[in-house]
Amino acid sequence: MADKPISEPLTALLIEPSHIVQQVVASILQRHGFHVDTCKKAEDAFRLSEENKYDLVCVALLLPDASGLDVCRKVRSMSQAKRNTPVVMITSEDDKNTLLGVLKAGATEIFKKNDLVGFDNYLTQFVWTTNESKSLYGKVLYVEDSRAISEMVVALLKLNRMEVDHYTNAEDAYDAFQNNEYDLVIVDIILEGEMTGSQLAQSIRRDISKRTVPILAISGVEDSARRVSMLKSGVNDFVAKPIMNDELMARVQNLIRSKKLFDRVQEQQEILRELAMKDQLTGLYNRHFLMEVGPKRIKEAQRHKQPLSMVVVDLDKFKLINDTHGHTTGDIVLKEVGALLQRLCRKEDIASRFGGEEFVLIMPHCDLISAVDKAEKIRKAIINLKPAGLEISASFGVSALASKDEDISDLFDRADQAVYQSKNGGRNCVTAV
Ligand SMILES: Nc1nc2c(ncn2[C@@H]2O[C@H](COP(=O)(O)OP(=O)(O)OP(=O)(O)O)[C@@H](O)[C@H]2O)c(=O)[nH]1
């Protein structure tokens with residue numbers, strides 16, 4: 001039986017002899033968007049569940065012609081497409097053994113008639129997961145050499161909105177893995193070709209940049225030793241042969257959902273990291289980053305006996321720009337100067353906004369003479385920049401590592417002193433100390 005299109009409502013079969021309870025439970029189901037078929041007897045329930053595929057069955061324990069347990073057992077003995085339907089029992093029964101019998105007969109959950117809050121919460125989660133699963137998209141790399149199984153699995157995955165790249169051997173699959181972004185790898189353990197499923201899993205796990213891609217292995221039920229070793233080699237989950245469609249899709253969706261969640265958390269962490277180290281106005285690194293990473297660059301340069309320079313850039317008469325043209329124009333000037341510094345610096349340099357209208361550059365592999373040349377180049381570029389149509393200039397101070405005992409404060413004090421001299425010397429010039 002084909003799955004329902006996404007827009008169709010969820011359906012429930014409610015078997016409840018009491019008119020009042022039936023009305024209450026049906027209204028809760030309807031509130032959660034279910035279309036509800038109701039009946040009072042097991043006989044009608046059997047007929048309805050043969051004729052329809054329900055998303056949920058709710059049944060009372062005591063029915064006029066049978067027990068609710070018979071309904072549970074009946075559902076669990078139906079065709080593969082129907083036998084995994086959740087069956088919820090709604091009852092006033094308190095006896096532990098009876099309730100255990102209900103679960104053993106195949107009921108998914110039990111809720112008390114006099115406390116339907118739990119049932120309400122269950123439906124909230126059920127509807128969310130079901131709808132989310134129906135819209136969950138994923139790109140799957142699938143490795144299986146059996147034609148019959150792969151045709152069935154590919155069709156099932158596609159039916160559930162998955163994009164599938166199918167390979168019959170691990171070598172080709174690994175090539176595809178390296179050249180594409182997948183949300184899941186499904187691999188049969190025993191494969192044609194030199195490389196086994198386990199070796200493929202190990203190769204995939206060696207690629208640190210793609211370590212969030214989950215691996216689902218397909219194995220024979222008797223493969224327990226191999227399964228343990230696969231888990232150790234980085235496989236996340238298993239499906240046993242013969243493959244049950246519902247189980248396979250539940251595992252696929254769980255793994256893809258977790259991967260997407262994990263990716264989202266990582267993206268957010270990356271954004272937070274960026275926010276913590278970048279200046280919001282200019283996009284340059286901030287003072288915090290400079291003071292954290294600058295000393296490391298200095299130590300590296302000292303350890304490898306390599307040159308390193310610092311350039312301090314201080315815009316001239318910036319207060320006048322703010323006072324004459326307004327703070328917003330002042331911000332535009334700062335932004336454009338920031339972009340210019342970014343453009344003129346190498347990748348390994350640290351270009352930062354130290355505060356206000358003062359910028360600090362740390363330039364590894366750059367001696368004092370080269371740093372002065374670079375500062376001159378930037379000075380001229382600032383003259384030609386004309387942000388917001390304004391003539392601007394900056395004063396520069398340059399310092400370079402001179403001894404192995406110097407730290408970032410020593411470099412900064414000297415470069416700052418040099419800026420002071422540039423200001424005193426009439427501004428718009430470069431001084432090195
Ligand atoms: N628009 C804007 N102005 C800022 C920002 N941060 C600091 N400023 C201003 O930058 C100005 C710096 O002024 P001063 O330190 O007196 O220096 P100056 O006017 O550039 O003078 P000299 O350095 O002596 O050439 C002050 O008016 C600050 O308010 C900012 O983020 N945006």
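Helix H12 (residues 318–325) and helix H13 (residues 327–344) pack with their axes 6 Å apart and at an angle of about 135°; axes are lines fitted to C-alpha atoms, for helices over the stretch in contact, and angles run from 0 to 180 degrees between N-to-C directions. H12 is therefore oblique to H13, since angles under 35 degrees count as roughly parallel, over 145 as roughly antiparallel, 65 to 115 as roughly perpendicular and the rest as oblique. Phe318, Ile321, Asn322 and His325 of H12 meet His327, Thr329, Gly330 and Val333 of H13, contact meaning C-beta atoms, placed from the backbone, within 7 Å.

This is a predicted model, in which local features need pLDDT of at least 70 and side-chain atom pairs count only at pLDDT 80 or more, while totals for chains, interfaces and linings use all residues. Residues are numbered from 1 along each chain as its sequence is written. Helices (H or I, at least four residues) and strands (E, at least two) are DSSP runs, numbered from the N terminus.

Elsewhere, five strands form an open sheet with parallel pairing, in the order E2-E1-E3-E4-E5; two strands pair if DSSP finds at least two bridges between them. Strand E2 (35–39) and strand E5 (109–112) are the edge strands, each pairing on one side only. Within the sheet, four bridges join strand E1 (residues 11–15) to the parallel strand E3 (residues 56–59), and Leu13 has Val57 as its bridge partner in E3. H3 packs on this sheet, touching E1, E3 and E4, and its direction makes about 160° with that of E3.

Ser79 lies in the loop between helix H3 (68–76) and strand E4 (87–91).

How values were computed: Two residues are in contact if their C-beta atoms, placed from the backbone, lie within 7 Å.
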